[in-house]
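I opened the notebook to keep a record of what I looked up.

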Amino acid sequence: MNTRFLVLELLRATRTRRYLVATMPLPSLMLLVLPDIYNVEGGTLGGVPIAISLMLNMAMFGVISAPVTTGASIAVERGAGWQRQLRLTPLTGAGYVVGKGVVGMLLALPPLLLLGLVGAFTQDVRLTAGQWLVSLGAVWLTGLPFVLLGIVLGLVVSPGAMQAVTGVASLVLGVAGGVLIPVELAPDWLRRIVLTLPMHWGKQLALSPLVDVEVGRALFVLGVWVVGLGLIAARRFRAAEA
């Protein structure tokens with residue numbers, strides 16, 4: 001992996017307005033208002049305190065937005081000619097795509113850590129060090145399918161349509177994945193959709209230190225999404241290179 005390219009991409013991404021204004025603080029801000037909206041203070045969702053459940057939902061929203069946006073920036077750079085400039089350097093095409101994926105995963109970490117602090121200090125979330133590590137680590141790893149989704153979008157969608165597509169995609173995934181509407185409160189038709197998407201199963205892994213969950217099924221569903229999107233991304237990348 002080209003370390004210089006990785007550092008450059010990290011600096012560029014962290015200086016963008018969308019990351020600094022929307023992606024970074026938005027999940028934490030939503031966590032501050034959602035408990036009042038659902039009016040379930042002191043209650044439980046899925047056998048865990050409402051504050052923990054909503055915190056993990058917002059954490060999942062954060063790992064959708066940052067990786068999808070970063071991967072999708074491939075389309076914008078393709079249209080601006082940045083990729084043609086990179087072809088004059090020793091950086092390979094595969095190294096470029098992998099670098100984008102690594103940056104997407106790294107950018108998902110700060111919003112996740114900020115959310116944990118907000119949950120602990122404002123929502124009275126109490127977990128052991130091991131529970132924090134497993135829960136937030138599982139949420140972070142769930143960002144991998146969305147990195148691949150962002151890369152697929154970046155290789156398929158036109159640069160002019162990319163901002164609208166990523167915004168709509170994040171919103172639709174948030175609703176359909178049971179992130180903005182907890183699966184316990186969702187109608188039956190939405191619950192059936194939620195059970196097919198990676199966000200729900202990533203949250204199940206995050207809850208595994210607290211309640212009994214189907215860990216094997218969760219890993220299987222996430223693995224299917226990663227392999228499927230990985231194959232699509234590889235195919236689209238080869239087509240773009242041809």
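**Entry: ground rules**

I noted that this is a predicted model, in which local features need pLDDT of at least 70, side-chain atom pairs count only at pLDDT 80 or more, and totals for chains, interfaces and linings use all residues. Residues are numbered from 1 along each chain as its sequence is written, and side-chain values use heavy atoms, with hydrogens and water left out.

I began with how helices pack. Two packed helices are described by the angle between their axes and the distance between the axes. I took helices as DSSP runs of H or I with at least four residues, numbered from the N terminus. Axes are lines fitted to C-alpha atoms over the stretch in contact, and angles run from 0 to 180 degrees between N-to-C directions.

I looked up helix 8 (residues 129-141) against helix 12 (residues 198-207), and found an angle of about 165 degrees with the axes 7 Å apart. That makes the two helices roughly antiparallel. The cut-offs are under 35 degrees for roughly parallel, over 145 for roughly antiparallel, 65 to 115 for roughly perpendicular, and oblique for the rest.

The crossing of helix 8 and helix 12 is right-handed.

Which residues make the contact? On the helix 8 side I listed Val134, Ser135, Ala138 and Val139, and on the helix 12 side Gly202, Leu205 and Ala206. Contact here means heavy atoms within 4.5 Å. By class, the contact of helix 8 with helix 12 has five nonpolar, two polar and no charged residues. For the classes, Ala, Val, Leu, Ile, Met, Phe, Trp, Tyr, Cys and Pro are nonpolar, Asp, Glu, Lys and Arg are charged, and the others, Gly among them, are polar.

Among the buried residues are His200, Trp201 and Lys203. Buried means under 20% relative accessible area, exposed over 50%, and partly exposed in between, with a 1.4 Å probe and protein chains only.

**Entry: helix 1 and helix 6**

The axes of helix 1 (residues 3-14) and helix 6 (residues 93-107) come within 10 Å and cross at roughly 50 degrees. That makes helix 1 oblique to helix 6. I noted a right-handed crossing for helix 1 and helix 6. The contact includes Phe5, Leu6 and Glu9 of helix 1, and Tyr96, Lys100 and Val103 of helix 6. Its residues divide into nine nonpolar, three polar and three charged.

**Entry: helix 9 and helix 10**

For helix 9 (residues 144-156) and helix 10 (residues 162-176), I found axes that come within 11 Å and cross at roughly 150 degrees. Helix 9 and helix 10 are therefore roughly antiparallel to each other. Their crossing is right-handed. Phe146, Leu149, Leu153 and Gly154 in helix 9 meet Met162, Val165 and Leu173 in helix 10. That contact has six nonpolar, one polar and no charged residues.

**Entry: salt bridges**

Side chains of opposite charge can pair when their charged atoms come close. How many salt bridges does the structure hold? I found three. The cut-off is a side-chain nitrogen of Lys or Arg within 4 Å of a carboxyl oxygen of Asp or Glu.

Arg126 pairs with Asp124 at 3.1 Å, N to O. Arg126 is exposed at 57% relative accessibility, and Asp124 is exposed at 53%.

Asp188 pairs with Arg191 at 3.9 Å, N to O. Being three residues apart in helix 11 (residues 188-194), Asp188 and Arg191 are separated by about one helical turn. Arg191 is partly exposed at 31%.

Arg217 pairs with Glu214, the closest N and O atoms being 3.5 Å apart. Both are partly exposed, Arg217 at 41% and Glu214 at 45%.

**Entry: Asp124 again**

Asp124 lies in the loop between helix 7 (109-122) and helix 8. Its phi is near 55 degrees, a positive value in a residue other than glycine. Most residues other than glycine have a negative phi.

**Entry: Val224**

I placed Val224 in helix 13 (residues 215-241), where Val224 is partly exposed at 46%. The C-alpha atoms of Val224 and Leu210 are separated by 25 Å, and the two are 14 residues apart along the chain.

How values were computed
Left-handed = near helix turned anticlockwise from the far one by under 90°.
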